[in-house]
Structure formats: C-alpha cells, structure tokens
Amino acid sequence: MNDRHVAVSVMSGLGNRIRTLCGAIQVADSVGTIPDLYWPVGRAFEPKLSDLWQMPVREVSGMRDRMNRLRASKRWTEDMRDFRPSTGARHYIRTKHALELPAEYADWGGVLREARPVASIEHRVVANWESGLQGAPYIGVMIRANGLSHPKTLESSPVSWYLDSAEIARRELDCDKFFLSTDSAEAANQFVAHFPNTVTVWDKGRYNSKDGVADAIADLYLLAASTVILGPYWSSFVTMAEKLAPQVPSFDSSKSIHFTGVPTVATDPLRPWDGRGHLVDEAPRD
C-alpha cells in the first residue's frame, strides 16, 4: 500500500471550503501526491468542485471519506504547524478554516491562482467583462445582504456603508464605474439608483445552487479585476478576491478608506493578479 496519502474533508460555504482545500493541496504536493477530497453536496450546497474549478484532487464519496479517516495515522484540524512531510504517514484533514502550516509553506492564495475555472464560468466572466468593464478602471463592490449571511456581516456592513464608501472611492479615484456583486435584488436596486454607471448580473441562480455558485465565482474574478474592492466585514468571499489579486486594496467597514499608492487596472479578468497596469501615470500618493 502507498502510504503517501492525504485526505481532506471540507465543510460550510464556498470560501471556507476553498481555503481549506488550497492548503490541503499544498500539503499533498509536499508529500508527492494529490489529496482525496470529500466535498459534500446536497440541498444546502449543490455543486461539486468539478462543476466550478479544475484542481489536482480526487473527489471521493462520503463512505470513502469515512474510510480515510479511520485509516489515518494523523488527523488534523486547521492547526498544522507541526506538520512535517513524511511518506510513512496517512494524513486526514477536516476543518472549515484556512490551514495553519509551517512557515516554509506559501500562502494558500497561490493554489487558488493556479486553479482554472471550468469553461462555462470562464465564459460568464468574459461575457460580463466585455459588457462594460473591459478597458476601463472600475470599483468592485460586494454587498452581502441575504438573510443567510453571518450576523456579524449583516450588522457591521449595512447597505448605507457601501453607498457612503462608494462615494468616497469615486471621489478619491476619480472613477465613476462600478461592478456590483450582491445576493440581494433590493440592495442592487438601491446601489444602482445612486450609481447608475454600474455593471451587475441581475438573473443569478438560486443561493448555493449549481448556477448560483457559478455566478458567484464569475463575480469573484470580476471583483478581483477591479481597481479597489469594497466588501462586507467577516467575509471569506472577499478574502478569496484578495488572494486572486493581492495588489488590489480592499476595504470593509472595519477600515478607513485611504489610498496610499498608485491604483492599478487588470488586463485579463481570468488572471486578475497578472499584467496589471497603472490606473494613472503618477508617483505614489502620500
């Protein structure tokens, strides 16, 4: 039996699943294998990973996941600071958090940047990009207002905060184009009423359905391709956008909006971290 084995069981929503999985892929790569992945699906979360991204994993059933757990010689939650690559160990990981790996491991965002969305999602990204975002700087806004959102998010990031913050960003950057990602038609209507030059997708799939999550991932890449991101407090979705484009400033209601460098603009929404040009040709701001 090949003892070079890593298994990971993810849980919760998209952002929590992806940050755990990206760390597990790093762990598996360091021992020379690819991980067994248990990615539960059902009414609460419908799409499989293979419906969303191409990643180096073996998707396994719940029964196989239970066998992996029983056979594991080492079981982990997110605290893997004591992990050392070993070909003689069978590792099992189960958590909804980002893995805490030894210092020599890179940030999990690198794995996310290497992943490629499936063709249907790439098509959605490019179609929306070409509908009014291509070739111009824009401010990315992500409003989380669905009743299923975390209470901390709903309490700390009301729609009024986005409206006020969007106005500050518009003045600071002299930019009046917006891309809006939201899970609430009411919030979308409020935002567009204040900022008519906004691109958004109105006919999204149901929350956590296969189409709904695919639409969310398309939004994710378009947010990451923006000049600045205004997002909800306590959101793993915004964290994913930050990992896709680490050089893009991101603000939530816990931060004061203040720009200290030259803003950039993406040239490819499917690679929002790469090939970014300066929004303005001037020295960094104080």
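This is a predicted model: local features need pLDDT of at least 70, side-chain atom pairs count only at pLDDT 80 or more; totals for chains, interfaces and linings use all residues.
Local features were taken from places with pLDDT of at least 70, and side-chain atom pairs count only at pLDDT 80 or more, while totals for chains, interfaces and linings use all residues. Residues are numbered from 1 along each chain as its sequence is written, and side-chain values use heavy atoms, with hydrogens and water left out.

A nonpolar core here is a set of buried Ala, Val, Leu, Ile, Met, Phe, Trp, Tyr and Cys residues joined through side-chain atoms within 4.5 Å; buried means under 20% relative accessible area, exposed means over 50%, and partly exposed is what falls in between (1.4 Å probe, protein chains only). This core has 61 residues, and the members touching the most others are Leu14, Ile18, Leu21, Trp39, Trp53 and Met55. Two or more residues each come from strand 1 (5–9), helix 1, helix 3 (109–114), helix 4 (119–130), helix 8 (210–224) and helix 9 (236–244). Helices (H or I, at least four residues) and strands (E, at least two) are DSSP runs, numbered from the N terminus. The top contributor is helix 8, which hands over 9 residues.

Glutamine 26 belongs to helix 1, which spans residues 14–30. With a relative accessible area of 13%, glutamine 26 counts as buried. Not counting residues up to four places away in sequence, glutamine 26 touches Leu101, Tyr105, Ala106, Asp107, Trp108 and Val111.

As for disulfides (pairs of cysteine sulfur atoms within 2.5 Å), a search of the whole structure turns up 0.

Now for the strands. Strand 6 (residues 90–94) is mostly covered, with 4 of its 5 residues buried. Two strands pair if DSSP finds at least two bridges between them. Strand 6 pairs with strand 1 in the parallel sense over 5 bridges, and serine 9 has arginine 94 of strand 6 as its bridge partner. Strand 6 also pairs in the parallel sense with strand 5 (residues 74–76), over 3 bridges. Here arginine 75 is bridged to tyrosine 92 of strand 6.

Terms used: Contact means heavy atoms within 4.5 Å.
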